[in-house]
Amino acid sequence: MLEIKNIKYEYKKGPLVLKDISFEMDKGDCLCILGPNGTGKTTLLKIILGFFKPLAGSLYIDAQNLSEITPHKRAKLIAYVSQSSNIIFPYTVREVILMGRTSHLSIGASMTSADNSIVDEVMKGLCITHLQYKYFQNLSGGEKQMVMIARALSQQAKYIIMDEPTSSLDYSNQIKILNTIKQLSKAGYGIIMTSHSPNHAFTSCNKVLLMKDGYIMDFGSPEKVVSSKNLTKLYNADVGVAKAILDDELFTYASKVCVPII
Ligand code: ADP
């Protein structure tokens, strides 16, 4: 279980950016963090990843206090898929995914056949084996994002943090990544993702955290939390939540959808 307790944070004696953040999630949960720009979502992710030390509060994974473990050990518990993947050197896809294994290496050790087998398995699971000898730099945005997810999976951490995983992807790749996220949480990974599309809470997640001005506005299941009232307050704009029932020649499907009222 990941437990976040009463986290506060400020940048260099500035105003409090995170004011009192507490929530819990399990492996197998997919948590979607929604909120307007500048509300503290990325800062919270960076605190969970250990990039920043909180001003107050504590973080536990499976009862281990994250402030008491080394970055090396933390990397075995939590992996990160960042918003932009700027790998400027000419690494192949296989080499990029192998980088995820570094947290398992002792100092001076080289990758073993076991590390390479894990990379093979991960690529197979995500159906990207055909890309392995291509240069990462030459991939499309959607392919790059799948490789970054593969790198996180090869780290074999049970929690994966994704900052806006579908930003700047075309519609087809957004669907592919959202589907992958759903499958990963079904496979037992704990996923935390941020998004600017509240619909993502319905498509891929079973928990939602609404953040506004450094506070948690609401937390719980998408059904409970993603409502017209909450979204309109969160974004300070009229947003409705409708029931969508599809019954046509292609699909039979029921879900909720968020609709801007314009
Ligand atoms: P979000 O991800 O929700 O858009 P951020 O966590 O990036 O929000 O930012 C929260 C607040 O912290 C914003 O007011 C932002 O300007 C401020 N902030 C972010 N990074 C820094 C930084 N490195 N130094 C000072 N202030 C920062």
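Which residues of α6 are buried? In this predicted model, the buried residues of α6 are N173, I177, L178, T180, I181, L184 and S185. Because these residues cover an arc of only 155 degrees around the axis, they lie on the same side of α6. An α-helix has 3.6 residues a turn, so residues three or four places apart point the same way. The exposed residues Y171, S172 and K186 are carried on the face of α6 turned away from its buried side. The length of helix α6 (residues 171–186) agrees with expectation, because its 16 residues should span 22 Å at 1.5 Å a residue and its end C-alpha atoms are 23 Å apart.

The ligand is surrounded by Y11, V17, P36, N37, G38, T39, G40, K41, T42 and T43. By residue class, this shell divides into three nonpolar, six polar and one charged. Helix α1 (residues 41–49) gives the most to the shell, with three residues.

A backbone N or O atom of G38 lies 2.7 Å from an oxygen atom of the ligand. From the side chain of K41, an N or O atom is 2.8 Å from a ligand oxygen atom, and for T42 a polar side-chain atom lies 2.7 Å from an oxygen atom of the ligand. On its own the ligand has 570 Å² of accessible area, of which the protein covers 53%.

How values were computed. Residues numbered from 1 in each chain as written. Predicted model: local features only at pLDDT ≥ 70, side-chain atom pairs only at ≥ 80, totals over all residues. Heavy atoms only, no water. Near = heavy atom within 4 Å. Polar contact = N/O pair within 3.5 Å; in protein donor to acceptor, adjacent residues only side chain to side chain. Areas by Shrake-Rupley, 256 points an atom, 1.4 Å probe, with all protein chains shown as cover. Helix = DSSP H or I, 4+ residues; strand = E, 2+ residues; numbered from the N terminus. Nonpolar A, V, L, I, M, F, W, Y, C, P; charged D, E, K, R; others polar. Expected span 1.5 Å × (residues − 1). Buried < 20%, exposed > 50% of the residue type's maximum accessible area, 1.4 Å probe, protein only. Arc of directions from axis to C-beta.
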